[in-house]
Amino acid sequence: MKILSIHYSQTGQLTQIMEQILSPIKKCFTIDEVRFTDNDAYTFPWGKKNFFDTMPETVLMKKMPLSPIHYQEEKYDLVIFGFQSWFLSLSRPCSSLLQDDEFKKRTRGAKFITVIGARNMWVNAFLDSKKLIEENGCKIIGNIPLVDRNANYISAITIQYWVFTGKKDKMWGIFPKPGISEEDILFSTKYGEIICEKLLSKQENSLQKAILDENKINIPWDVLFIEKRGKKMFRLWASLILNKGKNPFKRNFFLFLYRIYLYVALFTISPIVISIYALVFRPFMLKSESQKKNVILHF
Ligand SMILES: Cc1cc2nc3c(=O)[nH]c(=O)nc-3n(C[C@H](O)[C@H](O)[C@H](O)COP(=O)(O)O)c2cc1C
């Protein structure tokens with residue numbers, strides 16, 4: 001079996017996760033391992049302007065140039081693909097990889113296992129990836145999303161500290177560390193063992209069930225609520241900024257408005273809307289909520 005493991009990571013967090021997952025698999029299979037880069041388009045830590053400026057093209061999955069990738073094989077049977085969420089979407093380097101002709105040629109028809117390292121909103125990024133992967137005649141057989149388990153509003157603050165300073169430590173000495181916990185990163189070796197076992201016994205169809213049976217993967221209802229509505233709004237803003245922002249001054253102006261919208265939506269509107277929904281509507285929506293979760297978790 002020809003296996004390609006490929007991922008993008010700015011901070012090295014996803015690289016750590018991929019290493020944990022791959023370590024048991026490498027004992028049984030040879031893997032072509034690639035960490036691809038963005039041709040120096042994005043720097044880490046981020047400047048505030050560059051950070052928000054990448055939103056429209058990311059959300060609308062506009063392809064960007066990547067650094068050349070050196071593949072060992074002409075064709076792959078299995079791809080272990082690691083990516084992250086950016087603005088409730090597949091990160092731009094990763095959506096560009098899935099649209100790259102060379103990558104598509106070498107992986108056409110392959111099986112995919114997706115590995116996600118996000119703050120806590122991975123669902124839309126996963127659906128973006130699924131669309132592009134399936135368009136290339138491929139099939140996802142397993143999905144392993146890892147998240148920061150702190151409360152949504154806490155991680156929304158600490159992720160900014162991390163991406164704008166580059167420091168993965170306790171902000172002001174009082175906030176929890178940003179990102180995925182060391183414990184969860186180390187636990188991902190278990191997923192590698194499961195993958196290895198399912199590949200050796202040719203039981204790939206039950207891989208996702210075995211991953212979920214570990215009881216570590218869940219989609220909190222409020223996250224699902226925000227992802228659904230937030231993505232629609234982000235698409236509107238992204239189209240508006242690209243349409244109106246042909247000249248740089250106008251683009252910056254609309255990006256500034258989007259930034260205000262984002263902070264107001266995140267810290268003011270969404271807590272109010274979520275509280276009302278929880279009290280008034282959610283009791284009647286529990287069945288459809290769990291159906292939606294099931295569709296995503298079992299894809
Ligand atoms: C530009 C940008 C936007 C991001 N947007 C989201 C998001 O919408 N949802 C989320 O869960 N995480 C988001 N994150 C966090 C990333 O998914 C990721 O966990 C983190 O940046 C670690 O980076 P790495 O995987 O490149 O090492 C964002 C990060 C960046 C840099």
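Helices (H or I, at least four residues) and strands (E, at least two) are DSSP runs, numbered from the N terminus. The structure is a predicted model, in which local features need pLDDT of at least 70 and side-chain atom pairs count only at pLDDT 80 or more, while totals for chains, interfaces and linings use all residues. Residues are numbered from 1 along each chain as its sequence is written, and side-chain values use heavy atoms, with hydrogens and water left out.

Among the buried residues of α6 are Phe126, Lys130 and Leu132, where buried means under 20% relative accessible area, exposed over 50%, and partly exposed in between (1.4 Å probe, protein chains only). Just after α6, Gly137 takes a positive phi of about 75°.

Salt bridges (a side-chain nitrogen of Lys or Arg within 4 Å of a carboxyl oxygen of Asp or Glu) number 15 in the whole structure. Within α6, Lys130 pairs with Glu134 at 3.4 Å between the closest N and O atoms, the two residues lying four apart, about one turn of the helix. Lys131 and Glu135 likewise form a salt bridge, at 3.1 Å; here Lys131 is partly exposed at 46% and Glu135 is exposed at 55%.

Elsewhere, Arg106 and Glu74 meet in a salt bridge (4.0 Å, N to O). This pair links distant parts of the chain, 32 residues apart. Arg106 counts as buried at 12% relative accessibility, whereas Glu74 is exposed at 55%.
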